[in-house]
Amino acid sequence: MDRIDKGTSRLPGRNSHSPMRPGQPAGFSEFSLRRPQPVISLILPVLNEAPILAEALSSLPRAPDLEIILVDGGSTDATREVAAGFPHIHWVSAPRGRGGQMNAGARVARGDFFLFLHIDTVLTTDHLAALRQAAGDPRVGAGAFELRLTPPTPFLRFIAWGANWRSRLFRLPYGDQAIFVRRDLFLALGGFSHRHPEDLDLVLRLWRLTRVHILTPPISSSGRRWLQHGNLRTSGYHWAFLIRHLAERLLTRRWGRMGQLLPG
C-alpha cells in the first residue's frame, strides 16, 4: 500500500503516526494498538441522525487501511444505540458544532489522510480507491470530490453542475463534497474553526499551503435541504452566506489564520 510522502512538513515534536490527544473527548475508547496503521481516517460528525444512520453506516466500505470515527454532538435520539450495532466504528463524543466535532475526531485519528464526510453523503469503494491513489501522490495535500445530488431532479442536477464548475475553476469545494486533508497540513492549519462555515474557511486557508484537488468519480450527497426548505430559498441562502463570509474575510479580522483544533 502506498504511503504519504515522508518529506511532508511536520509540526514540532509530531510525526504522522502519533495521534493528537489533548482534551480527549468524553466517551472515547482507546484504540487497540494491534490494529494495522490506517492510511485514511474517515471522520463523520452526527447529531440526531438515528433515522438514516444504520443505512449510512452499512454502506461504508470496510478495509484494513480505513478507520471510521463517528463523532456525536450530543444526540438526544437513538443515534448511540444505532451506532452500537457497528462495533468496528469508533465512537467519540464532543460538544455540539460540526467544526468542533470534526476536530475532536481528528485529535484521535491515526491515518495519514483525514476524510470529513457528511452522514448523508455516500462513500463507495471507487472513492476509497481514488483516495488511496491521492495518498500515494506527494503532490496531493488536500481536495474533495465532484458532486452529485440525489434525488436527481432537474434543479438538483443544475445545482451540482454549478458546484462542480465552482470547484474546478476556483478550487472551492464545500463540505458535502467530502473534503480530505493530509494530516500534516490539517495540523499546521490548526484544524477547523468552530464557527460556520467551517468547511469554506478551511478550504480558503488551505489555499496558502497547497493546491486543492478535485477527484472523481462524483460523490452522491442528499439534496434533502433543498427538498425541505425549497430550491430557490436554499440556493439563495448559500450564495448570501458565501458573499457574507468572503466580505468578512476581506473587511474584518473575525477569521484568523488558524483553526481551533486544540482546546482553548
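I started at Asp 120, which counts as buried at 18% relative accessibility (buried is under 20% relative accessible area, exposed over 50%, partly exposed in between, with a 1.4 Å probe and protein chains only). I then noted that salt bridges with shared partners join Glu 49, Asp 120 and Arg 224 into one network.

A note on what I am looking at: this is a predicted model, where local features need pLDDT of at least 70 and side-chain atom pairs count only at pLDDT 80 or more, while totals for chains, interfaces and linings use all residues. Residues are numbered from 1 along each chain as its sequence is written, and side-chain values use heavy atoms, with hydrogens and water left out.

Next I looked up the Arg 224 and Asp 120 side chains, which meet in a salt bridge at 2.8 Å, N to O (a side-chain nitrogen of Lys or Arg within 4 Å of a carboxyl oxygen of Asp or Glu). Arg 224 sits in helix H8 (residues 224-229) and Asp 120 in the loop between E4 and strand E5 (121-122), 104 residues apart. Helices here are DSSP runs of H or I with at least four residues, strands are E runs of at least two, and both are numbered from the N terminus. Arg 224 is partly exposed, at 27%.

I also checked Arg 110 and Glu 67, whose side chains form a salt bridge at 3.6 Å, N to O. Arg 110 is buried at 9%, and Glu 67 is buried at 1%.

My last pair was Asp 65 and Arg 132, bridged at 2.7 Å, N to O. They lie 67 residues apart, with Arg 132 in helix H4 (residues 125-135). Asp 65 is buried at 8%, whereas Arg 132 is partly exposed at 23%.
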